[in-house]
Amino acid sequence: VPLKESFGDAIGQRVMELFEEKGVQFVMNSGIRRCIGAEGAVQQVELTDGTLLDADICIFGIGSTLYTEFLQGSGISLNRNGSINTDQYLESNLEGVYVGGDIANAPVHSNDGQQATIGHYPLAQYHGRVAALNMIGKATPLKAVPFFWTVLFGKSFRYCGYGQPDEVIIDGDLAALKFVAFYIGKGGRLIGMSSCQRDPVVAQFAEYSSQGKVLHKEDLTPNPLSWVPA
């Protein structure tokens, strides 16, 4: 299911249906054995089960690697994935050494300070600003609220927050792709929110969270948007 890690099963399944409605074919439970072509151009892709697919272009989504091996032996503590733990001021275990961007395993303000490594450029830009302020002695704690958006076949999706939810509550019409989803974590705390064609509610939640405010499951009934400014 695409986007399952971000949006959850139900929304991921609906996104998959949206792509299929537009003629996109998904091949699951397989992998690529090799690309076949001539004169530097791909013509087919052979899957691990022997299936051959005609192809003019191949786009590979292979994830990312944190290149921090050069820091081994420097005194900076590295996690197994290459990330570096920071405190709320983006300072590493070495005094005066600050870390930001994709390699920073930093506290997420909107999820009660849970450490996370998030590869997303707006967050990296924010890290740079916070780290710089702390370097010059202007103590500035992180108030990171991860936020991203995308447009798929003309449908605008928004997501804000971080963490693995215990429950997902959907308000609206998922089939019509006009909804708000609330991601409930431990203790009933709202740790994330996503939407499609319901702007600007996710941006409003990002602002709400950045102010240190917290929503819980019980705050969503009877009106799940009662916290939104009038």
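Me: Which residues does the UniProt annotation "domain: FAD/NAD(P)-binding" cover?

Reply: According to the unreviewed UniProt entry, residues 5-127. The model here is predicted. Over residues 5-127 the chain is 19% helix and 23% strand. The end C-alpha atoms of that stretch are 24 Å apart.

Me: How do you know that the span of helix 3 agrees with its number of residues?

Reply: Helix 3 has 15 residues, 121-135. At 1.5 Å a residue, the helix should span 21 Å. Its end C-alpha atoms are 21 Å apart, so the two values agree.

Me: What makes Leu123 and His127 of helix 3 count as buried?

Reply: Buried means under 20% relative accessible area. Leu123, His127, Val130, Ala131, Leu133 and Asn134 are buried in helix 3. Down the helix axis, the buried residues fall within an arc of 160°, so they line one face. They pack against strand 5 (104-108).

Me: Which residues of helix 3 are exposed on the other side?

Reply: Exposed means over 50% relative accessible area. Tyr121, Gln125, Arg129 and Met135 are exposed there.

Me: What follows helix 3?

Reply: Gly137, with a positive phi near 90°.

Me: How do strand 4 and strand 5 pair?

Reply: In the parallel sense, over two bridges. Two strands pair if there are at least two bridges between them, so strands 4 and 5 qualify. Asn85 stands opposite Asn105 in strand 5.

Me: What is the strand order of the open sheet of three strands?

Reply: The order is 4-5-6, with mixed pairing. Strand 4 (84-85) and strand 6 (114-117) each have a single partner strand, so they stand at the edges, and one side of each is left without a neighbour in the sheet.

How values were computed:
Residues numbered from 1 in each chain as written. Predicted model: local features only at pLDDT ≥ 70, side-chain atom pairs only at ≥ 80, totals over all residues. Heavy atoms only, no water. Helix = DSSP H or I, 4+ residues; strand = E, 2+ residues; numbered from the N terminus. Expected span 1.5 Å × (residues − 1). Buried < 20%, exposed > 50% of the residue type's maximum accessible area, 1.4 Å probe, protein only. Arc of directions from axis to C-beta. Contact = heavy atoms within 4.5 Å. UniProt positions renumbered as here; feature names shortened; annotations may be inferred.
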